[in-house]
Amino acid sequence: MNVHELALAGLNDHRLFTVLDLAGTFAFAISGAVAARDRSLDWFGVMVIAFAVACGGGVVRDLCIGAVPPTGLTDWRYLAVSMAAAWMTIAAGPLVARLAHPVTLFDSLGLGLFAVTGAQKAMIFGHNAEVAVLLGVVTAVGGGVARDVLLNRVPVILRREIYASAALVGAIIEVAGERLGWVSSGRTWVALMSCFLLRYLSLRYKWNLPRPSGRGDH
């Protein structure tokens, strides 16, 4: 069975995977562009950050599973979606800024989308459940790590916020659902929304992971 047949068998609808992957690319590109704009980068810097955030995790995933060259570098749609998001942020900055916590909103959406599609693609290439879950998390958090490093910030996954753990929940639901024979579209949306809601609500209500007590705690 070739890769295309595996995709159809695993996803039930290959177009759903592509749509979700491009939606995640757009959401993360918006997140990166807004963060770059807030750091007063010029238009070129905004586009670079937008592309790095949108495609960084997917490139790492593809390299890990042997899908080379990575889709984010060979499929023109990913570059086009990233640049469209960057220019929309540049041109419609005040409109984007009106959204409540725009970086948080789009970053949470992208996290859920990429946790699902990252796990899906690993399964398409025949990897086991553990690898699929791990690469789902890598796909989801890779772009955010790239954004924070390029903008000279401590990466979110190293702080107390529920970030990688939200991606882990989404990836586990997707992989477990596939193994249990759940309907493809149903498990995908359950996994996506679980990750998105966990991340977004954790920020809204200030849920944090526990941390060891240390000298800085009084």
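## Close-up views of a predicted model

**View 1. Asn152 sits in the loop between α8 (129-150) and α9 (164-180).** Helices here (H or I, at least four residues) and strands (E, at least two) are DSSP runs, numbered from the N terminus. This is a predicted model, in which local features need pLDDT of at least 70 and side-chain atom pairs count only at pLDDT 80 or more, while totals for chains, interfaces and linings use all residues. Residues are numbered from 1 along each chain as its sequence is written, and side-chain values use heavy atoms, with hydrogens and water left out. Look at the backbone of Asn152: its phi is near 60°, a positive value in a residue other than glycine. Asn152 counts as exposed, at 68% relative accessibility (buried means under 20% relative accessible area, exposed over 50%, partly exposed in between, with a 1.4 Å probe and protein chains only).

**View 2. Lys206 is found in the segment after α10.** Although Lys206 is not a glycine, it has a positive phi of about 60°. For context, most residues other than glycine have a negative phi, and most peptide bonds are trans. Lys206 counts as exposed, with 67% relative accessibility.

**View 3. A cis peptide bond runs from Val68 to Pro69.** Omega of this bond is near -10°. Pro69 belongs to the loop between α3 and α4 (71-74).

**View 4. Helix α3 (residues 43-65) packs against helix α5 (residues 76-91).** The angle is about 135° and the axes are 9 Å apart; axes are lines fitted to C-alpha atoms, for helices over the stretch in contact, and angles run from 0 to 180 degrees between N-to-C directions. That makes α3 oblique to α5 (angles under 35 degrees count as roughly parallel, over 145 as roughly antiparallel, 65 to 115 as roughly perpendicular and the rest as oblique). The crossing of α3 past α5 is right-handed, the near helix being turned clockwise from the far one by less than a right angle. From α3, the contact (heavy atoms within 4.5 Å) takes in Trp43, Val46, Met47, Ala50, Phe51, Ala54 and Cys55. On the α5 side are Tyr78, Leu79, Ser82, Met83, Ala86, Trp87 and Ile90.

**View 5. Trp43, Phe44 and Trp87 are linked by ring pairs into a cluster.** Rings of Phe, Tyr and Trp (its six-membered ring) pair if their centres lie within 6.5 Å; planes under 30 degrees apart count as stacked, over 60 as edge-to-face and the rest as tilted. This rule gives five aromatic pairs. One of them, Trp43 with Phe44, is edge-to-face because the ring centres are 6.2 Å apart and the planes are at 90°. Phe44 is exposed, its relative accessible area being 53%. Tyr205 and Trp207 form a stacked pair, 6.0 Å centre to centre with 25° between the planes.

**View 6. Ser202 lies in helix α10 (residues 184-204).** Ser202 counts as buried, at 1% relative accessibility. Not counting residues up to four places away in sequence, Ser202 touches Ile162, Leu197 and Trp207. Between Ser202 and Ile162 the C-alpha to C-alpha distance is 6.5 Å, for a separation of 40 residues in sequence. Trp207 counts as partly exposed, at 40% relative accessibility.

**View 7. Ala119 is a residue of helix α7 (residues 102-124).** With a relative accessible area of 0%, Ala119 is buried. Leaving aside residues up to four places away in sequence, Ala119 touches Ala132, Gly136, Ala171, Glu174 and Val175. Ala119 and Ala132 lie 4.6 Å apart, C-alpha to C-alpha, and 13 residues apart in sequence.
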